[in-house]
Amino acid sequence: MDKFRMIFQFLQSNQESFMNGICGIMALASAQMYSAFDFNCPCLPGYNAAYSAGILLAPPLVLFLLGLVMNNNVSMLAEEWKRPLGRRAKDPAVLRYMFCSMAQRALIAPVVWVAVTLLDGKCFLCAFCTTVPVSLLGNGSLVPGLPQPELARLLARVPCPEIYEGDWLLAREVAVRYLRCISQALGWSFVLLTTLLAFVVRSVRPCFTQAAFLKSKYWSHYIDIERKLFDETCTEHARAFAKVCIQQFFEAMNHDLELGHAHGALATGPTGSAAPAATEGADEEREKLRGITDQGTMNRLLTSWHECKPPLRLGQEEPLVGNGWAGGGPRPSRKEVATYFSKV
């Protein structure tokens, strides 16, 4: 049990590295899922494009949503977006930074799926087989004599070698290689563009807006840490509240039992030495309650935390001006202290 607790604490302290590892595992899983997926083209003119578009777009959307769900910052971002204004304003730059940080990790697996799909070529072949230029790659003399529905029906069977019947019109291998080359070219172009975009986002953008980037990153970390510390404090307070309530319950039960027995002195004899220790323990737990000793007060405190968080200005009771992230006005006086050290 201690080992699992240590692993959990390590993952909490290295959340960013942990999320990067999860996104990498999801990217490998998406590639493995596609390799294990049995792609069967309908080979029908009205269904090839719809089926291929679903295979190309639906799994990346699912993987993107899974990447967002597995990120703990999603609930924190939603809470920060929907919370009342109160005494602390919302900074749109921080919200954008949080969303972009989550989206960058969640997009890794979908990008891998799209890249693998295009490089494989089956999906592209199924979707665009009816657009093959027969006049350039096949027997163009037969095209004017065929009606358009019949031509589309023959070309839609190109991805299916077992039912293809148009060799006299167009060699199947020619159409397959033509479409697969286009698909692979689009796949490598997609990989190149996403790599360049990732390079720009990760390297070039902070160089132009370094101050704003650092501010957004700092306050994003602050919101995460503040939420964790508040949860830990609530857990500690709830544990102390429950312990004091249980101690009071057993003390009351013990008192009722003593009143119900005729020989109360026998009950107080062996437990008399443990009473001071129990009293000291109850006093320590009451100190952790910070003066909040009833349900209504605790509910009002939690409501106040949600609706009116304290301003981000230490030592100041009045609300901040401006956007709430950097207050204006005169600064409080600072007391300077000089310390001298002697070599003697």
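How much accessible surface does the protein have, and what share of it belongs to carbon and sulfur atoms? In this predicted model, the accessible surface of the protein comes to about 23100 Å², and 65% of that area belongs to carbon and sulfur atoms.

Figure 1. Of the 344 residues in the protein, 28% are buried. When contacts between residues at least 6 apart in sequence are considered, 74% of them join residues that are at least 24 apart.

**Figure 2. Residues 49-74 and 182-201 are two of the spans that carry the UniProt feature "transmembrane region".** The unreviewed UniProt entry places this feature at residues 21-37, 49-74 and 182-201. In the model, residues 49-74 are 88% helix and 0% strand, and the C-alpha atoms at the ends of this span lie 34 Å apart. Residues 182-201 are 100% helix and 0% strand, with 28 Å between their end C-alpha atoms.

**Figure 3. A salt bridge joins the side chains of Arg227 and Glu79.** This pair is one of the 6 salt bridges found in a search of the whole structure, and the distance from N to O is 4.0 Å. Because Arg227 lies in helix H11 (residues 210-260) while Glu79 lies in helix H4 (residues 73-82), the pair ties together parts that are 148 residues apart in sequence. Arg227 counts as partly exposed, since its relative accessibility is 29%, and Glu79, at 32% relative accessibility, also counts as partly exposed.

**Figure 4. The side chains of Glu80 and Arg83 meet in a salt bridge.** In general, side chains of opposite charge can pair when their charged atoms come close. For Glu80 and Arg83, the distance from N to O is 3.0 Å. Buried means under 20% relative accessible area, so Glu80, with a relative accessibility of 4%, counts as buried, and Arg83 counts as buried at 3%.

Figure 5. Glu173 is partly exposed, with a relative accessible area of 41%, whereas Arg177 counts as exposed at 56% relative accessibility.

Methods:
Residues are numbered from 1 along each chain as its sequence is written. This is a predicted model: local features need pLDDT of at least 70, side-chain atom pairs count only at pLDDT 80 or more; totals for chains, interfaces and linings use all residues. Side-chain values use heavy atoms; hydrogens and water are left out. UniProt positions are given in the numbering used here, feature names are shortened, and annotations may be inferred rather than shown by experiment. Helices (H or I, at least four residues) and strands (E, at least two) are DSSP runs, numbered from the N terminus. Buried means under 20% relative accessible area, exposed over 50%, partly exposed in between (1.4 Å probe, protein chains only). Contact means heavy atoms within 4.5 Å. Accessible areas come from the Shrake-Rupley method with a 1.4 Å probe; for residues, only the protein chains shown count as cover.
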